[in-house]
Amino acid sequence: MASKSKHFADSPPARVRSSAVYWIVAVVALLGLADATFLTVAHLTGDDAVCGSFAGCSTVLGSAYATIKGIPTAAFGVMAYFTLFSAAVLAAFGYTRVRKFLFALVAAMFIAALYFLYLQAFVLHAFCPFCLFSAAMTFLLAGILVALPADR
Amino acid sequence: VIRVAADAREFSASMKRFLPFLIISAVGLLTIGSAVEFYRVKTRLAPAPAGGPGGTPTPAEAPEDPFLHARGPRNAPVTLEIYGDFQCPSCALVSQAIDDLQKQYEGKMRIIFHEYPLEMHKHAMEAALAAEAAAVQGKFWEMHEMLYRYQSVWAEATTANFFFESYAESIGLDVARFRADRTAPDVRARVIADATVGNSRGVKNTPTIFINGIELRTGFTKDKLQATIEAALAPKKTS
């Protein structure tokens, strides 16, 4: 009896916590998705007024690195964040198979974010706040997945 | 009763199975919807080219800011932006070099002109307003050319506006409208907005040139410009 009650006390919170981690990942991915969508549309309209008074922002958004083979770099961000959001929702609903994929995707996004930070800091010598926000979201996602326990 | 309960359980189980996909689809639709709406709001000022919205616009199809003074294809591998003052002599020289280069790199180069009238030039602001007023009638580049070609004529005049009106007439503008637009507050606001963005990008003098967003600091002779353009084109060729 005692062992049974112990079993019940232990396992459900662990499960709840694991799905909660994926819900947090999904919410952060949504923020990244909104940011990347905004940047993509701003790029397509050719409007660097989104930069406001941030110095150097137009330099980043107007640079050769703002597109990859004619596709706005931010559009890849939209795809990545949307895929991540989908994977996180599925993971939260107990689809355990997507979890490995989710980790791999965040790892890839982490590397991409580092590369874009490098470009801004050392090649363009200019920063764009929306790009920095996206990088921050990716670092946050990586941090969440590394720090919080989730069944893999 | 048992069957109804079983049906209900089955229904709730199947709902649970579909729920994640429902959420994902909803977010997907919401993203596409808000992107399209945001795009429409951003481009509402554009003189709507027929066709209407359909599918995701590619950069080449996307309507442009009607007050962005740009020549050359939107997806050109090299974009040269110049912050210019119509009364600055070196701007007139470099503008000629740029014209030549654009002919030479036809289809590969896009030129964007930004207003940056300097206070030290007494007619620079008036000239910028004249160019913007011409832009309202879709003839920015024609006025741009006239202003630089006859710079030495109007720069020293007491009333430069007299010359500007004659240029407006010769390039076929509606002069009455041109005169009204030249003093319109929104036209002036556009010049100031252009220059303000310039300030935020670190522009201090004219001409200031950006090639693919990177400020050119090597000087503005045709050879130096060409070398930078070649360098900008080179990695694209190999990739």
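Leu80(B) stands opposite Ile111(B) in β3(B). The model is predicted, with local features requiring pLDDT of at least 70 and side-chain atom pairs counted only at pLDDT 80 or more, while totals for chains, interfaces and linings use all residues; side-chain values use heavy atoms, without hydrogens or water. Residues are numbered from 1 along each chain as its sequence is written, and chains are lettered from A and ligands numbered from 1 in the order in which they are written.

In chain B, five strands form an open sheet of mixed pairing, in the order β1-β3-β2-β4-β5. Its edge strands, each pairing on one side only, are β1 (69-71) and β5 (214-215) of chain B. Strands β2(B) and β3(B) pair in the parallel sense over seven bridges. Strands (E, at least two residues) and helices (H or I, at least four) are DSSP runs numbered from the N terminus, and two strands pair if DSSP finds at least two bridges between them. Helix α4 (residues 140-149) of chain B packs on the sheet, where it touches β1, β2 and β3 of chain B, and its direction makes about 70 degrees with that of β3(B). Helix α8 (residues 185-200) of chain B also packs on the sheet, touching β2 and β3 of chain B, with a direction at about 110 degrees to that of β3(B). Contact denotes heavy atoms within 4.5 Å; axes are lines fitted to C-alpha atoms, for helices over the stretch in contact, and angles run from 0 to 180 degrees between N-to-C directions.

Over all chains, the structure holds 18 aromatic pairs. Rings of Phe, Tyr and Trp (its six-membered ring) pair if their centres lie within 6.5 Å, with planes under 30 degrees apart counted as stacked, over 60 as edge-to-face and the rest as tilted. The rings of Phe86(B) and Phe113(B) are stacked, because their centres are 5.1 Å apart and their planes lie at 25 degrees. This pair links distant parts of the chain, 27 residues apart: Phe86(B) is in the loop between β2 (78-84) and α2 of chain B, and Phe113(B) is in strand β3 (residues 109-115) of chain B. Phe86(B) is buried at 1% relative accessibility, and Phe113(B) is buried at 1%, where buried means under 20% relative accessible area, exposed over 50% and partly exposed in between (1.4 Å probe, protein chains only). Ring pairs link Phe86(B), Phe113(B), Phe140(B), Trp141(B) and Tyr148(B) into a cluster.

Arg71(B) lies over the face of Trp141(B), 4.2 Å from the ring centre; the criterion is NZ of Lys or CZ of Arg within 6 Å of the ring centre and within 35 degrees of the ring normal.
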